[in-house]
Amino acid sequence: MATFLYRLGRLAFRRRWYVALVWAAVLAAVGLGAMKAPAAADEEFSMPGIESQQAFDLLEERFPGTTADGATARVVFVAPGGEKVTASENKEAVEAAVAELGDGSQVASAVDPFTAGAVSKDGTTAYTTVTYKVGAADLTDASKTQLEETLVEARDSGLTVEAGGTAMESEGGPGGAAEAIGIAIAAVVLLVTFGSLAAAGLPLLTAIIGVGVSMATILALASTLGLSSTTGTLAMMLGLAVGIDYALFVVSRYREERAKGKAPQEAVALATGTAGSAVVFAGLTVVIALAGLSVVGIPMLTKMGLAAAGAVVIGVLIALTLVPAFLGFWPNAVMARKARRKGRIEEAPKDNGGTRWARFVLRRPLPVLLLGVVGLGALAMPVMDLQLGMPGDEAKSTSTTERRAYDALAEGFGPGFNGPLTVVVDAQGADDPKAAADAVSKEIGGTEGVVSVSPARFNDAGDTAVLSVVPATAPTDEKTKDLVTTIRGERPGVESETGATFEVTGTTALNIDISEKVQSALVPYLVVVVGLAVILLMLVFRSVLVPLKAALGFLLSVLASLGAVVVVFQQGHGAELFGVEQTGPIMSLMPIFLVGIVFGLAMDYEVFLVSRMREAYVHGESPAQAVTSGFRHSARVVVAAALIMIAVFAGFIGESDSMIKMIGFGLATAVLFDAFVVRMAIVPAVLALLGDKAWWLPKWLDRILPRVDVEGEALNRPAEPAATAPAEKEVARAGR
């Protein structure tokens with residue numbers, strides 16, 4: 001591996017113009033393809049194997065066309081204090097607004113609340129549902145403007161008017177601000193770390209090129225592969241973060257080799273052969289974690305994981321080819337200003353912050369280990385209270401009309417009104433379908449926690465009915481989850497009595513089912529991903545205990561970060577600091593996201609830091625000296641890489657979308673815990689306690705595992721006979 005990458009880096013340095021032109025051509029080609037490709041459609045969320053999805057599929061089969069993904073807007077009218085919405089003046093204003101809402105060219109219908117019974121019992125609140133002929137993404141500006149102007153006119157009559165629904169959704173997702181903040185902080189960190197504008201700018205430039213290639217490829221293939229507009233969110237986030245980090249490690253090793261007196265071409269080749277090997281295996285762990293998301297069984301999540309894995313692969317290829325080529329264009333510019341001013345490059349001092357910290361840990365490994373484990377364990381404790389769900393309008397800011405509409409409906413019609421359950425009655429096996437539907441309605445209506453059940457609506461064949469069930473509790477309340485379980489538990493009795501069966505679906509039931517499926521998939525996912533990564537790390541480190549320690553440290557950091565998410569987003573402690581106005585359940589996919597993404601990133605730091613320790617140990621240093629050497633060369637760069645990751649992820653905390661905010665916070669805290677507590681404190685403490693045992697590998701396993709030479713041992717082998725030769729000459733001979 002090291003020898004191959006050594007030659008690749010040397011070739012990229014010598015043929016730098018060709019390498020740069022090839023990447024420019026690739027970027028131009030995929031960019032042109034992205035511009036000519038049709039726009040990505042909004043992917044319809046599906047999750048095979050859960051009851052709510054099966055019920056939805058049955059609805060599509062028995063009620064063709066009725067479940068089309070047309071946009072909706074639910075407009076809520078609240079009378080002024082002390083008045084009724086049914087009063088003549090208020091009623092006229094509502095009817096006028098409904099007529100105006102139903103007049104658009106894209107509008108299918110707008111229901112009159114007074115004829116549909118959509119008025120609260122106390123007469124203060126009414127609502128209308130506006131259904132559109134097209135999906136939310138296809139609504140024209142004219143349709144949106146008409147909706148907004150109608151709301152304003154209705155408010156002028158003295159009514160409080162708010163609106164929710166898919167028609168009100170704006171184009172969410174991470175925008176330019178998040179990336180700009182992350183890149184700006186990354187630039188400052190790189191400048192402080194390297195002391196050179198060129199050295200700071202090179203990783204940023206190559207990362208941006210890599211993200212450009214990745215995103216353009218995703219857009220170009222979106223319609224062909226069925227990718228949605230949200231598929232690239234994770235790819236952009238991770239592509240930027242790992243792209244900067246991988247280039248950072250190669251540039252840092254290049255500067256180190258130059259400080260040893262190597263010529264630019266030789267320094268590039270050695271940096272690619274050693275740091276490049278670590279980049280390859282670090283990238284592989286990230287790819288394994290992301291591709292492993294397919295284990296969960298959610299098509300959308302699988303596509304997001306594979307797209308992000310592709311972005312990581314491109315980041316690795318950029319680091320191994322384009323970074324060496326750019327170093328060929330600016331071999332001296334990336335060196336520190338002091339070195340360029342003196343006209344000579346001096347080797348770094350033996351002592352730095354990394355070695356001082358390593359010696360501190362080596363002197364007291366047990367206290368450091370206990371403090372790190374106990375601290376992360378305490379932060380992980382809130383995970384015991386974790387509640388999963390899918391935040392809706394209730395999680396939005398009170399400054400939004402969607403949140404105010406949600407609150408108005410909950411106050412006027414009860415908290416469960418915002419999350420009705422849809423019951424699909426399959427009466428094909430019943431002698432009397434209508435009697436069967438009535439029996440189901442009566443059974444569910446008598447269940448504790450049910451406020452109301454709508455009259456059955458049959459399909460044209462008369463063999464399938466739909467009921468709308470309003471719970472007494474809010475969609476994200478645990479009691480609602482218990483109610484869904486209770487209703488489903490009544491199915492066997494109804495089926496034996498009537499010959500008909502039913503299934504429960506709707507947004508609320510779907511969210512409950514997703515949470516349960518994600519929780520059940522988490523353990524198999526961990527087994528697959530962690531198992532494969534442990535095997536991969538055994539190849540890298542030729543050790544059993546080091547990979548196991550890496551995996552256990554990751555579990556500590558991810559549980560601690562998930563605990564921090566629970567504290568802020570569920571329990572509300574410090575929520576205002578992060579712009580969280582409404583606490584609630586944690587997004588169902590959050591644990592999977594954290595496990596998948598953070599595992600890959602955690603292994604990045606493990607590979608970069610411990611591979612230098614392994615390199616020193618293989619070359620004859622004692623275990624303690626190897627730990628110190630690893631920190632001397634890698635600590636500063638790992639800290640810079642972690643700060644860059646944190647900056648990129650933390651930039652997404654400023655997004656208005658609560659789910660993206662939650663993901664950004666979770667990833668930023670996970671990197672913080674993993675890099676600074678696990679890798680910088682727990683790892684050296686464990687290695688100090690284990691000593692030589694840390695690098696133990698059974699002989700039979702040593703014979704089975706292929707040798708990949710991440711340490712670059714083969715690059716020094718030709719020079720071994722000349723024991724008195726300077727190290728510079730040994731490495732030079734290896735390159736011939």
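How many of the eight residues of strand β3 are buried? Six of them are, so that β3 (residues 125-132) is mostly covered; buried denotes under 20% relative accessible area, exposed over 50%, and partly exposed the range in between (1.4 Å probe, protein chains only).

The model is predicted: local features require pLDDT of at least 70, side-chain atom pairs count only at pLDDT 80 or more, and totals for chains, interfaces and linings use all residues. Residues are numbered from 1 along each chain as its sequence is written, and side-chain values use heavy atoms, with hydrogens and water left out.

**Stop 1: the strands around β3**

Strands (E, at least two residues) and helices (H or I, at least four) are DSSP runs numbered from the N terminus, and two strands pair if DSSP finds at least two bridges between them. Select T72 to find its bridge partner in β3, T131.

**Stop 2: helix α13**

Select residues 353-363, helix α13, and colour G354, T355, A358 and V361, the buried residues of this helix. These residues lie on the same side of α13 because they cover an arc of only 125° around the axis, the arc being that of the directions from the helix axis to the C-beta atoms. An α-helix has 3.6 residues a turn, so residues three or four places apart point the same way. On the other side of α13, R356 and R363 are exposed. Now show α14 (365-380), α22 (623-650) and α23 (658-690), against which the buried residues of α13 pack; contact here means heavy atoms within 4.5 Å.

**Stop 3: a nonpolar patch**

Select L366, L370, V374 and L689, which form a nonpolar patch on the surface with about 380 Å² of accessible area together. Accessible areas come from the Shrake-Rupley method with a 1.4 Å probe, and for residues only the protein chains shown count as cover. Patches consist of residues with over 30% relative accessible area and no salt bridge, with like charges joined within 9 Å and nonpolar side chains (Val, Leu, Ile, Met, Phe, Trp, Tyr) within 5 Å; a salt bridge is a side-chain nitrogen of Lys or Arg within 4 Å of a carboxyl oxygen of Asp or Glu. Helix α14 gives the most to the patch, with three residues. V374 is located in α14 and counts as exposed because its relative accessibility is 56%.

**Stop 4: R542**

Finally, select R542 in the loop between α19 (507-541) and α20 (545-570). The phi of R542 is near 50°, a positive value in a residue other than glycine. At 6% relative accessibility, R542 counts as buried.
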